[in-house]
Amino acid sequence: MEILQASNLLPLVIVYALLAAITYFLARRRAEYPLHMLQLSGYEESEFLRWIGEHKDRITKLVYTKTSEKTPLVMTDRAKRLFAVHRRLTGLFLVAVFCLAFLFSGRLLLSAILLAAGLFAVYYFQYKILILANRINYPREMEINRGFFVAAQKKIRALKGKGLNVVGITGSFGKTSTKFITSTVLEEAFRVQNTPSSYNTPMGLSKVINNELDESDEIFLAELGAKVPGEIREVAELVQPSIGIITAIGPTHMHLFKTIENIQKTKYELIECLDEKGIAIFNYDNDYVKPLADQTKKRTIRYGMEHIEALDVYAKDISVFERGSRFTLGFRGGREAAVETKLLGRHNISNLLAAASVGYVLGMDPEAVAKGIARVEPVEHRLNIVDSPTGVIVIDDAFNSNPVGARAALDVLGQFEGGKKIIVTPGMVELGDMEDEENYKLGEEIARVADYAILVGEKRTAPIQKGLLAGGFSKDRMIVRNSLEEATASLAKITARGDVVLFENDLPDSYDEE
């Protein structure tokens, strides 16, 4: 083949450079989806690789399909730093491809093949380049995080010396609801600062402490989350709680914890981190929390709706209706107050009792707590009612789902009379080896309550389908779709004014089934 003359190289350089630039632009766009999934994995490479292993067909698509996002990609400072390193790596790989192809410019066909293969590889394997960027960035991120962590720890220690009370809240579920409920109740008597939304990691908590907590605050409510043993201890050592609450323990994140015993040990790390004068608050109705309360040597407060004689804070005479609940709130010693709440479901009464327990510890009387409870508004996507313009009543329990919460939601659905009762659900996830069994039970429970079941994800909801049929549910009233959009379209065809629709769980973006 004829070797190209120098005079012919400039057009080739321009074409190659243009193709590399186009690839760089397309690759950057392609990297946004895996970046989103990495962010949802907490930037943990092992979690990200596990997700890739389970969704290989999705991550290797030539073009990613844009879907509605429950938790969108947020370009935090960390994401920006990671993406900057990723762009540099992508650029370096493209320069290497360009140079290799140009090296063989005298053999034009080979040069073109090398260029095409190299550009395609850089575009196609963006998720691998992102993993490399994450590894490169890791030491720097740990150093940055440690700085924020130490600054927050020092600030908490100084504010506690000036009278700040720190309340740590953990559990398999109910943490966020309990935090917001407790904030509303305590605001009857105190100036309260809490963490927004589901901020429950060291960096999320450090950000709130460093930027928002100040000397005027009397109470700091900190939600503490964990996916592996040791993580509760880490965040507890950061916030240094004087009061610790375990809301509930159940089979969540079982693919990480493996056993309920591991979850119990991890949640109990909060109690172990309390100082000698610390106060431990337990949901005594929960079978996995109860033994933790009984083994605790620190001052212990028990709350619940059962075995009232053993409780410090309790609810009795409970009446659950379509738009809320009524009950009698009691404190040890016989002090009681009538309570009415907009919150739905018995599990929310449990969350209210957790908040009441903090009020009890801090010296509030039952009437003041009851007043605060009356002001509590439902937390978005956590079993709250939405009245639609069409006259269809929507029960929004879409944030997440667990066996206890799902049953409570179905109990609420069962309270409604008149119209059709419809559930839209993809089932429960992250339950480990128990997942199929619990979703089968969910199907049986749905059969008891609902008139129609719209299931999202044919493969994922197979256990629910079996449970529905075992419960005597009509196959004609079971609708299976592979996306929420398809499910919503089917829902529109069967609903009428007065019907009630329960949206039970809305899977994270990383769980979409196609």
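In helix H2, the residues Tyr33, Pro34, Leu35, His36, Met37, Leu38 and Gln39 are buried. Because 7 of the 9 residues of this helix (residues 32-40) are buried, H2 is largely enclosed by the rest of the structure. Just after H2, glycine 42 adopts a positive phi of about 70°. These features, like those described below, belong to a predicted model.

The protein chain has 514 residues, of which 52% count as buried. Its secondary structure comprises 19 helices and 15 strands. The C-alpha trace spans about 100 × 65 × 40 Å along its principal axes. The accessible surface of the chain amounts to about 23,500 Å², and 55% of this area belongs to carbon and sulfur atoms. Among contacts between residues at least 6 apart in sequence, 71% join residues at least 24 apart.

Several segments carry annotations in the unreviewed UniProt entry. The entry assigns "transmembrane region" to residues 6-27, 89-106 and 112-133. In the model, residues 89-106 are 83% helix and 0% strand, with end C-alpha atoms 28 Å apart. Residues 112-133 are 95% helix and 0% strand, and their end C-alpha atoms are likewise separated by 28 Å. The entry also places "domain: Mur ligase C-terminal" at residues 381-503. This span is 39% helix and 22% strand, and its end C-alpha atoms lie 9 Å apart.

A nonpolar surface patch of about 540 Å² is formed by Val15, Leu18, Leu19, Ile22, Phe25 and Leu26. One of these residues, isoleucine 22, is located in helix H1 (residues 6-30). Isoleucine 22 counts as partly exposed because its relative accessibility is 42%.

Strand E13 (residues 452-456) presents a contrasting setting. All 5 of its 5 residues are buried, so the strand is largely enclosed by the rest of the structure. Both faces are covered, with Tyr452, Ile454 and Val456 on one side and Ala453 and Leu455 on the other. E13 pairs with strand E12 (residues 421-425) in the parallel sense over 4 bridges, and valine 424 stands opposite isoleucine 454. Threonine 184 counts as buried because its relative accessibility is 16%. Beyond residues up to four places away in sequence, threonine 184 touches Gly372, Arg375 and Val376.

Side chains of opposite charge can pair when their charged atoms come close. The whole structure contains 20 salt bridges. One of them joins glutamate 47 and arginine 50, with an N to O distance of 3.2 Å. These two residues are separated by about one helical turn, because they are 3 residues apart in helix H3 (residues 45-54). Glutamate 47 is buried at a relative accessible area of 15%, whereas arginine 50 is partly exposed at 27%.

Helix H17 (residues 435-449) holds both lysine 441 and glutamate 437, which are 4 residues apart, or about one turn of the helix. Their salt bridge has its closest N and O atoms 3.4 Å apart. Lysine 441 is partly exposed at 31% relative accessibility, and glutamate 437 is partly exposed at 45%. Both residues belong to a network of salt bridges that links Arg407, Glu437, Glu438 and Lys441. In a further salt bridge, the closest N and O atoms of arginine 448 and glutamate 445 are 2.9 Å apart. Arginine 448 and glutamate 445 are 3 residues apart in H17 and therefore separated by about one helical turn. Glutamate 445 is partly exposed, with a relative accessible area of 24%.

Conventions: Residues are numbered from 1 along each chain as its sequence is written. This is a predicted model: local features need pLDDT of at least 70, side-chain atom pairs count only at pLDDT 80 or more; totals for chains, interfaces and linings use all residues. Side-chain values use heavy atoms; hydrogens and water are left out. Patches are made of residues with over 30% relative accessible area and no salt bridge: like charges are joined within 9 Å, nonpolar side chains (Val, Leu, Ile, Met, Phe, Trp, Tyr) within 5 Å. Accessible areas come from the Shrake-Rupley method with a 1.4 Å probe; for residues, only the protein chains shown count as cover. A salt bridge is a side-chain nitrogen of Lys or Arg within 4 Å of a carboxyl oxygen of Asp or Glu. Buried means under 20% relative accessible area, exposed over 50%, partly exposed in between (1.4 Å probe, protein chains only). UniProt positions are given in the numbering used here, feature names are shortened, and annotations may be inferred rather than shown by experiment. Contact means heavy atoms within 4.5 Å. Two strands pair if DSSP finds at least two bridges between them.
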